[in-house]
Amino acid sequence: MREKLVKAQKYIWLVLILVGCSSSEPEDSFVYEADRFADIRILRYQVPGFEELSLQQKELLYYLSQAALSGRDIMYDQNYKHNLRIRRTIEEVIKHYPGDRTVDSFDHFMTYAKQMWVANGIHHHYSTAKFTPQFDADYFAELIYLTAPLATYPLRDGQNVVQLLAELTPILFDPELDTKKVNTADGVDKVLTSAVNFYEGVTEQEVADFYAEQLDPEDETPISYGLNSKLVKENGELVEQVWKVGGMYSEAIEKVVFWLDKAIGVAENENQRVALELLVEYYHTGDLADFDAYNVAWLADSESVVDVINGFIEVYSDPLGMRGSFESVVSFRDQESTERIALISQYAQWFEDNSPIMEEHKKAEVKGIDAKAITVVMESGDSSPTTPVGINLPNSAWIRFQHGSKSVSLSNIVSAYASSPDSALEEFAFSEEEIERSKIYGDQAGHLRVDMHEVIGHASGKINSGVAPVSQTLKQYASTLEEARADLVALYYIMDSQLIEFGAMENLDVGRSQYDSYIRNGAMTQLYRLKPGELVEEAHMRNRQLVALWSYEQGLAGNVIERVVQDGKTYFVINDYEALREIFGRLLREIQRIKSEGDFEAARSLVENYGTQVDQELHAEVLERYSLLDIAPYSGFINSRLVAVETEGEITDVQLEYPDNFVEQMLEYAENYSFLPSDN
Ligand code: ZN
């Protein structure tokens with residue numbers, strides 16, 4: 001599971017000034033923002049502490065970074081089967097177009113290209129709606145034809161440029177064709193209506209039947225069914241096309257494995273070496289039991305400074321929540337921030353014991369929460385250019401239960417986010433007191449909530465014995481409710497004075513500040529990210545709206561949260577923080593019950609009634625108020641670049657650079673890491 005962060009809610013999480021105090025002080029003069037277009041800003045991040053690493057650790061980071069980038073194209077193809085051909089065509093135009101680049105139309109074309117890179121495809125990374133080009137099909141044809149003599153287009157066998165254009169034009173310009181990457185709407189066939197390249201020629205019901213047949217309810221260590229394959233129909237039979245060496249995406253996976261093998265040679269210790277070897281083994285066999293074995297070994301490696309996530313991990317892009325998108329995050333430990341998180345982890349059992357969930361849903365022993373802060377050096381696939389700020393893995397429920405999980409907060413990414421001031425706070429907070437409190441305690445509150453969400457939130461609670469995994473029972477609502485559960489654990493405790501005793505926060509104003517921003521965001525400001533007429537569909541957004549609006553409704557009688565309209569502007573104002581805490585506790589108890597029992601109908605009712613519908617009038621107001629603020633709601637990141645210095649075939653140094661041109665980095669990656677054919 002992962003936490004993403006967008007500007008609209010930045011003041012909630014506003015964070016990690018603390019990181020500024022870690023070993024190598026980030027430069028004040030560092031320019032974070034590198035580009036701005038559509039609804040995106042492109043940021044850079046610093047890598048404090050890199051110079052202090054040993055050569056062996058730097059070499060390891062280098063190999064893991066190469067492995068990360070080698071899998072980059074997989075995510076494009078997973079997102080949509082036409083993405084690679086579209087991207088390569090567009091990149092050829094950018095590299096070779098001989099015509100006028102100063103006209104508006106070319107500008108619009110470049111914006112489209114940048115949007116595509118940010119999303120790893122032509123559907124928005126967050127809303128998953130297909131991008132609408134601001135140039136027309138005639139101009140596209142002009143670009144393609146004028147560039148043709150200079151370009152190497154990704155033509156199919158026997159295809160000419162005219163046919164390529166005829167193929168791509170409706171894909172780009174027909175608004176009715178493959179409109180959504182992930183369709184989670186209720187009451188439609190989510191498999192047939194989603195453009196994501198995880199299924200071919202199968203219906204949602206057929207998928208459900210296919211896996212229901214394989215599922216053994218007695219199995220206490222079930223594999224993550226469907227995680228690493230595309231499900232297709234061949235001669236009337238459903239078949240999994242497995243992503244492995246020798247299978248689908250083999251060309252890219254072979255390169256990933258090549259670099260992982262190099263990494264194994266410079267592993268920091270035995271545990272890390274064993275884990276990496278198991279990962280390679282899994283890429284060879286494609287056997288999900290091998291992936292589980294890898295995850296168990298990865299959890300056992302808690303000492304290493306360098307760490308990596310590499311594989312088919314998160315399932316947010318699958319409307320059925322089964323298939324994993326390729327991603328990699330290469331990092332090393334941020335020691336100072338890790339100590340702060342360790343404080344929460346240390347009291348994990350106390351939090352579980354004192355939770356408002358039902359006794360039978362509590363874990364008698366909360367196991368192995370390995371929480372740390374990390375400094376990122378490279379991200380790819382699902383984690384790049386947009387990145388999570390917190391990650392908790394593995395996702396397999398039984399592994400989490402038996403072996404625990406690793407929870408990380410991405411320090412240098414969070415620092416980059418915190419680098420710019422936030423004007424939305426002043427606009428949407430009701431009182432001076434609220435603004436002041438947020439300015440003083442917003443950072444601390446943000447840290448604490450992210451840490452508790454990841455460290456004790458996702459880790460808490462258990463599923464009743466005999467109940468299938470949540471992906472089976474709660475289906476499309478599983479992710480939303482899991483995020484809600486983790487948020488509610490954090491919200492419940494952030495108003496607990498015991499946290500002051502533990503030394504985790506200064507006073508209850510930290511909690512109050514978090515309550516203010518959570519309700520403000522969940523009930524109102526996050527709507528900024530939707531276009532008029534859209535519903536709330538993304539899991540984290542649904543979770544936040546669900547929590548905010550359910551709590552608002554529950555507190556109506558006692559006026560716990562008040563909806564105030566002043567000078568035509570709406571505000572959500574909390575009148576009773578203690579009562580709100582009690583409401584959060586009740587919702588946590590109910591959501592844990594839903595998860596523990598696998599109560600699909602209750603899940604549907606909560607998510608559809610509170611998490612999905614949009615108050616059209618309020619939405620229009622939010623869009624109007626935001627339009628006056630100069631804010632990009634989404635951020636993408638330029639990666640740092642690792643350069644290996646070789647002397648006589650031996651790596652003698654690894655240097656780290658901070659590129660500042662997003663387009664150049666995307667073209668560089670395309671040049672060096674295009675291992676897949678344009679069709680898969
Ligand atoms: Zn989460």
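On a 1 Å grid over the protein atoms alone, a cavity is a set of points where a 1.4 Å probe fits but cannot get out, and its lining residues have an atom within 4 Å of a point. Keep that in mind for the first stop of this tour. The model is predicted, so local features need pLDDT of at least 70 and side-chain atom pairs count only at pLDDT 80 or more, while totals for chains, interfaces and linings use all residues. Residues are numbered from 1 along each chain as its sequence is written, and side-chain values use heavy atoms, with hydrogens and water left out.

**Stop 1: the largest cavity**

Select W298, D307, V308, I309, V329, S331, K372, I374, I391, L393, K406 and V408; together they line the largest cavity. Its volume is about 90 Å³, where a volume is the space filled by probe spheres set on grid points joined across faces, edges and corners. The structure holds nine cavities of 30 Å³ or more.

Now colour the strands (E, at least two residues) and helices (H or I, at least four), which are DSSP runs numbered from the N terminus. β7 (306-312), β8 (326-333), β9 (369-381), β10 (388-393) and β11 (405-410) each supply at least two residues of this lining. Which strand gives the largest share? That is β7, with three residues. By class, the cavity lining has eight nonpolar, one polar and three charged residues. Here Ala, Val, Leu, Ile, Met, Phe, Trp, Tyr, Cys and Pro count as nonpolar, Asp, Glu, Lys and Arg as charged, and the others, Gly among them, as polar.

**Stop 2: two cis prolines**

Stay with β9 and β10, and select the loop between them, where P385 is found. A cis peptide bond joins S384 and P385, with omega about -5 degrees. Next, go to L393, one of the residues lining the largest cavity. The peptide bond from L393 to P394 is also cis, with omega near 0 degrees, and P394 lies in the loop between β10 and α14 (397-403).

**Stop 3: the second largest pocket**

A pocket is an open set of grid points with protein on both sides within 12 Å along at least five of seven lines. Select D39, Q115, H124, F131 and K531, which lie nearest the centre of the second largest pocket, out of 29 lining residues. The volume of this pocket is about 770 Å³. Its lining comprises 14 nonpolar, eight polar and seven charged residues.

**Stop 4: α7 and its partner**

Two packed helices are described by the angle between their axes and the distance between the axes. Show α7 with α6 (residues 137-147): their axes come within 11 Å and cross at roughly 145 degrees. Axes are lines fitted to C-alpha atoms, for helices over the stretch in contact, and angles run from 0 to 180 degrees between N-to-C directions. For the contact (heavy atoms within 4.5 Å), select A137, F140, A141, I144 and Y145 of α6 together with V161, V162, L165, L168, T169, L172 and F173 of α7. This contact has eleven nonpolar, one polar and no charged residues.

**Stop 5**

Three strands form an open sheet in the order β2-β3-β14, with mixed pairing; two strands pair if DSSP finds at least two bridges between them. β2 (33-37) and β14 (634-638) stand at the edges with a single partner strand each, so one side of each is left without a neighbour in the sheet. On average, neighbouring strands here are turned by 25 degrees against each other, direction ignored. Look at β2 and β3 (residues 40-44), which pair in the antiparallel sense over four bridges, with R36 opposite R41 in β3. Then bring back α5, which lies across β2 and β3 and runs at about 115 degrees to β2.

**Stop 6: a second open sheet**

Another open sheet of three strands has the order β4-β5-β6, again with mixed pairing. Which strands are at its edges? They are β4 (199-200) and β6 (237-242), each pairing on one side only. Two bridges join β4 to β5 (residues 229-234), and these strands run parallel. Select Y199 to find it opposite L231 in β5. End at N235, in the loop between β5 and β6: phi of N235 is near 50 degrees, a positive value in a residue other than glycine.
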